Structures are given as C-alpha cells and as structure tokens.
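Visitor: I am new to this structure. Please show me how to read its side-chain pairs.

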Amino acid sequence: MTRKSQSGLSLVSVLLVGGTMAALVVLGLKLIPVVNEYFGIKRALAAVVSASNPQSATVSELRNAFSKRVTVDDITSVTPADIDITKENGRIVMSVDYARKVPLYGKVSLLIEFSASSDAN
C-alpha cells in the first residue's frame with residue numbers, strides 16, 4: 001500500500017492567511033472614506049473653476065462657491081481658507097495640499113498626504 005501525501009494549508013496557515021486578509025479588509029474599509037473625500041475635493045475644485053468666469057471672478061467669490069460645495073459634499077478636511085487660487089495662462093487654478101490621519105489599531109495611525117487641484121495636468 002502506498003502512502004499518499006497530503007497537500008493544502010494547515011490550520012495555523014489558514015489562521016495566518018485569514019488574519020492577514022481580515023487586517024487588509026479593515027484597512028481598506030478605513031481608507032475608503034478618506035479617498036472618497038479626496039475625489040470629492042477634486043470634483044468641488046473643478047466644478048467651482050468651470051462655473052466661474054476667469055476675467056471677473058474674485059478670490060472671495062471662488063472661496064464662497066467652494067464653501068457651498070464643501071457643505072453639500074460633507075467635506076471636513078479642507079476649508080475655503082486652505083485653498084490656493086492662482087491664474088495661469090488666463091485660467092483660474094485652485095489647489096490645496098493637506099494631510100489626513102487615519103487611526104488604525106490602538107496608537108497606530110496612517111498619515112496620508114493629498115494634493116488636489118482643479119487643473120487637469
């Protein structure tokens with residue numbers, strides 16, 4: 001009688017793989033709102049710039065329009081005062097650099113730095 005060798009994962013291996021997968025799922029679930037807010041900020045910046053007239057728009061008008069978008073989109077990481085507004089080649093460019101700290105487990109956190117701009121380039 002020949003002995004057939006077994007293949008597959010042992011119980012310890014299954015627990016390690018399962019624990020790793022669970023940690024990655026929890027990490028992903030904590031990062032989704034942060035990334036979603038980043039894309040919301042980009043959309044808000046692009047919408048404000050596309051709705052404004054580059055010749056007559058003032059900085060306060062642009063900040064006020066962004067403030068309304070922030071309120072509607074429930075954005076908390078950026079305020080209108082954080083926005084840098086410039087004109088490049090006759091176009092308005094709004095940009096912001098900010099960091100967001102995401103608590104993971106206990107005293108372990110993840111710091112993510114974002115840079116959003118209304119400019120497509």
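**Salt bridges and ring pairs**

Guide: Start with the salt bridges: there are two of them. Keep in mind that this is a predicted model.

Visitor: Which side chain does Glu37 meet in a salt bridge?

Guide: Its partner is Arg100, with N to O at 2.5 Å. Next, look at where the partners sit. Glu37 belongs to helix α1, while Arg100 belongs to strand β2 (residues 91-105), so the bridge ties together parts that are 63 residues apart in sequence.

Visitor: Is Glu37 buried or exposed?

Guide: Buried means under 20% relative accessible area. Glu37 has 10%, so it is buried. Arg100 is at 25%, so it counts as partly exposed.

Visitor: With which residue does Arg91 form a salt bridge?

Guide: With Asp119; the closest N and O atoms are 3.2 Å apart. This pair also links distant parts of the chain: Arg91 is in strand β2, Asp119 is in the segment after β3, and 28 residues separate them. Arg91 has 38% relative accessibility and counts as partly exposed. Asp119, at 16%, counts as buried.

Visitor: Where is Ser77 found?

Guide: In the loop between α2 (59-73) and β1 (84-88). Follow its side chain to the first bridge. It makes a polar contact of 2.6 Å with the side chain of Glu37. Another polar contact, of 3.4 Å, joins the Ser77 side chain to that of Arg100. Leaving out residues up to four places away in sequence, Ser77 touches Glu37, Asp82, Tyr98 and Arg100.

Visitor: Now the rings. How is a pair of aromatic rings described?

Guide: By two values: the distance of the centres and the angle of the planes. Here the count comes to three aromatic pairs. Take Tyr38 and Phe114: their ring centres are 4.9 Å apart and their planes are at 20°, so this pair is stacked. Planes under 30 degrees apart count as stacked.

Visitor: Which parts does the pair of Tyr38 and Phe114 tie together?

Guide: Tyr38 lies in helix α1 (residues 11-51) and Phe114 in strand β3 (residues 108-117), so the pair joins parts that are 76 residues apart in sequence. Both Tyr38 and Phe114 are buried.

Visitor: Which residues do ring pairs link into a cluster?

Guide: Tyr38, Phe39, Tyr98 and Phe114. Tyr98 is also one of the residues that Ser77 touches.

Visitor: What lies over the face of Tyr105?

Guide: Lys30 does, at 5.8 Å from the ring centre.

Methods:
Residues numbered from 1 in each chain as written. Predicted model: local features only at pLDDT ≥ 70, side-chain atom pairs only at ≥ 80, totals over all residues. Heavy atoms only, no water. Helix = DSSP H or I, 4+ residues; strand = E, 2+ residues; numbered from the N terminus. Polar contact = N/O pair within 3.5 Å; in protein donor to acceptor, adjacent residues only side chain to side chain. Contact = heavy atoms within 4.5 Å. Phe/Tyr/Trp six-rings, centres within 6.5 Å; stacked < 30°, edge-to-face > 60°. Buried < 20%, exposed > 50% of the residue type's maximum accessible area, 1.4 Å probe, protein only. Lys NZ or Arg CZ within 6 Å of the ring centre and 35° of its normal. Salt bridge = Lys/Arg side-chain N within 4 Å of Asp/Glu carboxyl O.
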